[in-house]
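Here's a quick briefing on how two chains meet and what space is left inside. Have the model open as you read.

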Amino acid sequence: MKEGTAGERIEVLWQERPRDRFVRASLLAGATVMVAAWGLGDFDWSDLFSARRQANLARFLEGVRPHPLQGVAWDWGGAWTWARDLFAARGAGAMATTLGISVLAISLAGLVSLVLSLPSARNFATVDPFAAPRPGTSRGLRFGWALIRRSTRGALIAMRSIPEYLAAFLLLAIFGPTPWTAVLALAVHNAGILGRLGAETIENIPSRAPASLRAIGGRRSQLAVWVLLPELLPRLLLYFFYRWETCVRESTVLGLLGIVSLGFWIDDARTRGHLDALVFYVALGVVIVIVGDLMSSLARELLRRAD
Amino acid sequence: MAADGIRTPNPVGVRVILITSGVVACALAWGALGLGLSDLVPTSGGLSLAGRFFARAFSPAWQSEARFVPDGTPPLLEVAFEATLQTLILGAAAMSLALVLGLALGFAASSAWWSGAGPESRRGVYGMLRRSFLPFLCGASRLLIVVMRSVHELLWAVLFLAAVGLNDLAAVFALAIPYGGVLAKIFSELVDEAPRESARSLRGLGASGLQTYWFALIPRALPDMVAYGFYRFECILRSSAVLGFFGFPTLGLYIRQSFNATNYGEVWTFLYALLILVVAADAWSGAVRKRVLA
C-alpha cells in the first residue's frame, strides 16, 4: 500500500473494497425480477390511452370540480362553502374516528408486543437469561425454552405477514362493521411488527445490568420489569410512534370495508359517483396523515433529545 | 444535575409526558368511537362463521370447492400459483418505478449537492440558477413527496379506478406513487445523515457540490439505501396482494372471492400462498439487510 504511484494505490484500494457475493447476487436477482415483471405482466399501454379510457379521464377531471360550481365560473366563496359543509357534515367526525381507531390500535399493539417480545428474545427466553449457558442443564429444559421462543417468533411472523386490510376483511365477517374490527386488525399486524422490533431491542441491550441482576438471583419477571422496561423504553417508544404513523394511514383505508372512518365516505362518494367529494375526503386523509406525522416526529424528537 | 455530579434525567421525564398523553388519547378515542366491550362479543352468526373458517386452517383446499366449476377452469393450485406470480409481477414492476421516482425525487429534494457551495459559485448564470431555480426545485419536490406518500396506495387505486378504470397499469402506478414518495424521503434523509468526513475532504480538495454528492455522500449512504430498498420490496408485495380486493388479478382478488362464496378451505390455500411469498421475501430481505448493515 505504501509503495507505488497514486494510481496503483487507488487500484489496490479498489480491489480491496468490501464485496459480498450474496448481496451482489441479491441485487442482480432483484433487478432481474423487476425487469422480467414488465415482460411477464399483462400491461396494456394501448388500452390506457384508448379513447374509452381518455373519455373516462376527461369525465373524472370534470367531476372533480365541486358540484355547486360545475358549469359555472370558478368562485372561491362557493368552493369554501362547499368544503365547509362537507367537512361539518361528515369530514370532521370521520377524521375523529380515523384518529381514534389508530390511537387505540397502536396502544393495544404496544401492550401486546411488550408481552410477546420477552418470550421471543433469544437472550431472555433461555435457560440462563443474559448469561453463558452452563454445562449440565437438562436437555428437556433447553428444549422447552426453545419451543416457547420458536412458537412466539412464529406467531409474530404470522401476525405481521397478514396485511391489515386483509385481516380487517376477515374480522369484518365475525364482528361486523364496528370500530373494533379495524382496531383489532391494526393491532394484530402492528403487534407482530413491534414484537419483533422489541425482541431485537432486548437482544441488542448494551448494558450489563440484566446480567448483574440475574447473577444476584433476580427472577425473569424482575429482570423484565426493573431492568428491561426502564432501560429500553425510549427505544420502544420510538418504534411505537413510528408505527402509529402507519396506523393513521391504514385506519383511513380500512373504512373502505365499511367501518366509519374516512375511507367509508371515500367509498360512499365513489359508489355514488360524487367525484368532488371523493377527492375532498382523500385530501382530508392527507391532512390527517400530515398531522399524525408531525405529532409523531415531535414525540420522537423529544425522546431523542431526552436520551 | 444532582449534587453528587451524576447527571439525572429531567425529573418529569419525556417518557412520563408521552405515556400520560398516550393514556389520555386512548380515553378520548374510546369516547369518540363510542366503544363498549359488548361490541367485542361477536354475533352468534359471526361466532359460528369464525368456527367454520378457523376449522379449515389446518385443512386448506387442494381442489376447487365451488359447487359448480365451469369447464376450462384451471385447478386450484394452478390458480393460486398464478395469483402469487401476479402479486410478485405487479409488486416488482411497481417497485422498479418507485425506485426511479425515489432516486430522482430524492436527488431533487436534497439540498446537499448545491447549498453548501463556496462564494465563488454564487456568481454568473450558474450562481443565479443556484439561488433561484434550485431552491424552488427542492421545495417543490419536497411538497410532491409529501402528497405522494400521504395518500395510501389503496386510495391511489380508488382514484385511478375512478379516473381510468381497471387496468393493471393502474395498480402499478397506485403502488409506485406512494412507495416512490417514501423511498425519496428516506433516501434523501439517509444522504443527509451519512457521515460527512469524506465529503469534507473532497470539498477541501476543490470538488464541486455535485461531485461531493455522488462520490462522497451517496457511497456512504448506499448500504442503508440498499437495506431500506429491500425492506420496501417486502412491503410492496403485501400491498400488491391487497390490491386484488379492488379487482386486480393478485391474491387478494381470490381471497375475497373464495371468502364471499364461503369456500373457506380455498381462502386458506390463498392465505398460505401469501404467507409463503411474504415470509420468503422477509427472509431474503432480512439476510440482505444483515449483511449490508454489518
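Helices here are DSSP runs of H or I with at least four residues, numbered from the N terminus. This is a predicted model, so local features need pLDDT of at least 70 and side-chain atom pairs need 80 or more, while totals for chains, interfaces and linings use all residues. Residues are numbered from 1 along each chain as its sequence is written, chains are lettered from A in the order in which they are written, and side-chain values use heavy atoms, leaving out hydrogens and water.

**The interface**
- Chain A puts 74 residues into the contact and chain B puts in 70 (heavy atoms within 4.5 Å).
- About 6,400 Å² gets buried between the two chains, with carbon and sulfur atoms giving 78% of it (accessible area lost on being put together, 1.4 Å probe, summed over both parts).
- Three salt bridges link chain A and chain B (Lys or Arg side-chain nitrogen within 4 Å of an Asp or Glu carboxyl oxygen).
- R291(B) pairs with D20(A) in a salt bridge, closest N and O atoms 3.2 Å apart.
- On chain A's side, helix α12 (residues 275–306) brings the largest share, twelve residues.

**The cavity**
- Searching the whole structure turns up one cavity of 30 Å³ or more (points on a 1 Å grid where a 1.4 Å probe fits but cannot get out; lining residues have an atom within 4 Å of a point).
- The largest cavity holds about 50 Å³, and its lining includes R249(A), V289(A), S150(B) and H152(B).
- α12(A) gives the largest share of that lining, four residues.

Note on methods:
Helices (H or I, at least four residues) and strands (E, at least two) are DSSP runs, numbered from the N terminus. On a 1 Å grid over the protein atoms alone, a cavity is a set of points where a 1.4 Å probe fits but cannot get out, and a pocket is an open set with protein on both sides within 12 Å along at least five of seven lines; lining residues have an atom within 4 Å of a point. Grid points are joined across faces, edges and corners, and a volume is the space filled by probe spheres set on the points.
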